[in-house]
Amino acid sequence: MTVTAGGPAATAVSVGPSAQCTAPAERFVRHHALIGLSAGCAMAEAILLLLLAPAAVSLAPQVTALPPLAVFHDLRWLFGYNRSWVEFAAGALLLVLARSALDTALVRLAWPRGQQRPRLAATFSASLGFTLLAGLLLVPIVTLVFGVAVLPFSWPFLAAVPVLLAVTVPLSHGGVTLAWWRRLPPGRGAGWVIACFVEYSLLGIALPRLPAAGVVAAAGLAGVVNARAWYGLTTAMARPVRPRHYRLLGWIPVAPVAAVGVFAVAIGAARLIFDAAAAAPHVGIAAASSAGLAAAASSVGDLATPQSPVYARGQERAVLIIAGFGASCCRTGRGLQQAVPDMLVQQFSYLGLNRAGKPVPQGPAASNMPLPQLGDMIATQVQRLHAQTRQPVDLVAESEGTLGVYAAFARHPGLAAGSVVLLSPIVAPGQWTFPQDGQQGQAMAAGYALGVLDRLVGEMSPFGAAGADRLIDSVSRVGARYAAEAARGISRHWLALVPLADAVTLPACSLPQNVLVVPAFHGGLLGDPPVLGMVRDFLRDRPVDGGQGLREAAELLSSAAAAWRMPARSAPSPPCPAA
């Protein structure tokens, strides 16, 4: 009986009765070379990362992952470590060839015994074509992940990871046969991609907590699981299939079309969210954040032990509210004013103060501002309130506003501030940086891609074509330095309330004691009554209840998410302890 294996264009093979009987009985454990190659590569990368980039050790098992997840692994290294366009092009060529060769070897070693393997050139051509296609499709997702490393807040990450999984499922069989693109993957292949995704996330929790020998051993075991996934996928793809009766339909690129369709759905969803944000300005922060590039960040830092400020009796205390990206002025402080009616609550305006010393009303586009300018404007408004009340000014900042607070403290060490509350702070801004336009430096290709994506998002959003370009550029240049200077130089009464969703962008280390985790998404905490109650208690020097029970969950989530973030050489300090 003559059948076609792997699709209409694959080489016809003759499968006799003996082969049909022996193929199902074949066992995975007999594929010693497959297991050795997969586990050996994972262990080798684990050793290299332990020596050169210990913070990225959770990526080691992905070096022999199924095709689309392996390409995502490679692209993150490529985007992070290049200093010129020539270096980027050379690195891309090297990675494409190396990935295609490794996938070819894994396919051939995993091919079921008793069935004729495709020619070596055919398998390599299929792997090469898939690697190029998958690389192009995954560039926007890797760019989003890079943007999270510059401005680490949860909305872009929560958008990128589901899209990544939705794209990789229809491409899970990529390159296994020459005609993989004409069909959707078998159920076994899609199942293995999802199972491996869960496995790598769990390894992200386990690997940083193991000694060096344990890390290498665990990476080797993960490589064995990868080999089993390759075996299951290849066996399913090598299974004989009936020829198509409609040859025209056989030339439709079903798998790539399905993957591209995921992006179409994601873009449409983003546009609907932006339209909803424009119609309901009070949800503008969270809606803008979901696009991935239009919000700001700040660092909780290595905060000092809280010490209550001293206020003169009989004087009115002032609270300055600094809202995040996309906020309007000046009604955001109504909820807090109701919570603390005995205090003077004023909202910061990104357009500054008028001649009477009052904040100028602003629209959502005004918050696209460089950090030095933002820090200086916050300091000016603080000094105005301090002169008015003759008291230290309490600060309640959210999202971009928290980053502005760090800039203000770093640029104005004598700032007359009292208690400071950070809502939805983004920990460790500027973990990755990129050079300015026209300059060369590390991650220049990623920075260029981030700028393009920011402009595309800006065109869809209510904030204009510029998006958050001025803010992103300034965070890349000075965000990490401002956060570090503020963390070293400030010893005030601090409280940071981190939404549980933002745990996916936290560094994988223990949180400072004056950081509480609340069940919420990034942005919008200024309108959350339970959170405002915690802020009220803190400003009145009362014990703040809540948030402690979610700390461990947040630390586990941050470790699991590290498997899908940019590979950093070391954990950022602050907030992590210096090595």
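Among contacts in the chain between residues at least 6 apart in sequence, 79% join residues at least 24 apart, contact meaning heavy atoms within 4.5 Å. The structure is a predicted model, in which local features need pLDDT of at least 70 and side-chain atom pairs count only at pLDDT 80 or more, while totals for chains, interfaces and linings use all residues. Residues are numbered from 1 along each chain as its sequence is written, and side-chain values use heavy atoms, with hydrogens and water left out.

The chain holds 17 helices and 9 strands; these are DSSP runs numbered from the N terminus, helices being H or I with at least four residues and strands being E with at least two. Of its 579 residues, 57% count as buried, where buried denotes under 20% relative accessible area, exposed over 50% and partly exposed in between (1.4 Å probe, protein chains only). The accessible surface of the chain amounts to about 23300 Å², and 63% of this belongs to carbon and sulfur atoms. Accessible areas come from the Shrake-Rupley method with a 1.4 Å probe, and for residues only the protein chains shown count as cover.

The pairing of helices α7 and α8 was examined next. The axes of α7 (residues 187–206) and α8 (residues 212–238) come within 9 Å and cross at roughly 170 degrees, which makes α7 roughly antiparallel to α8. Axes are lines fitted to C-alpha atoms, for helices over the stretch in contact, and angles run from 0 to 180 degrees between N-to-C directions. Angles under 35 degrees count as roughly parallel, over 145 as roughly antiparallel, 65 to 115 as roughly perpendicular and the rest as oblique. On the α7 side, the residues involved are Arg 188, Gly 189, Trp 192, Cys 196, Glu 199, Tyr 200 and Leu 203. These meet Ala 222, Val 225, Asn 226, Arg 228, Ala 229, Gly 232, Leu 233, Thr 235 and Ala 236 in α8. By class, the contact of α7 with α8 comprises 9 nonpolar, 4 polar and 3 charged residues; Ala, Val, Leu, Ile, Met, Phe, Trp, Tyr, Cys and Pro count as nonpolar, Asp, Glu, Lys and Arg as charged, and the others, Gly among them, as polar.

Helix α16 (residues 529–539) has 8 of its 11 residues buried and is therefore largely enclosed by the rest of the structure. The buried positions are Val 531, Leu 532, Gly 533, Met 534, Val 535, Asp 537, Phe 538 and Leu 539. Their packing partners are the strands β4 (318–322), β6 (393–398), β7 (417–423), β8 (494–499) and β9 (515–518), together with helix α11 (334–339). Just after α16, in the loop between α16 and α17 (551–561), Asp 541 adopts a positive phi of about 60 degrees although it is not a glycine. Asp 541 is partly exposed, with a relative accessible area of 37%.

A positive phi also occurs at Ala 443, a residue other than glycine, with a value near 65 degrees. Ala 443 is located in the loop between β7 and α14 and is buried, its relative accessible area being 0%. Within helix α14 (residues 444–460) lies Ala 449, which is likewise buried, at 17% relative accessible area. Ala 449 touches Phe 79 and Thr 143, not counting residues up to four places away in sequence. Ala 449 and Val 142, although 307 residues apart in sequence, lie 9.5 Å apart in space, C-alpha to C-alpha.

Gln 362, in the loop between β5 (344–347) and α12 (371–389), counts as buried at 8% relative accessibility. A polar atom of the Gln 362 side chain lies 2.8 Å from the backbone oxygen of Ala 327. Residues up to four places away in sequence aside, Gln 362 touches Ala 327, Ser 328, Cys 329, Phe 348, Ser 349, Tyr 350 and Leu 351. Ser 399, in the loop between β6 and α13 (400–411), is buried, with a relative accessible area of 1%. The side chains of Ser 399 and His 522 are joined by a polar contact of 2.9 Å.

Asp 103, in helix α4 (residues 85–110), is buried at a relative accessible area of 3%. Leaving aside neighbours within four places in sequence, Asp 103 is in contact with Pro 67, Ser 127 and Trp 230.

Methods. Polar contact = N/O pair within 3.5 Å; in protein donor to acceptor, adjacent residues only side chain to side chain.
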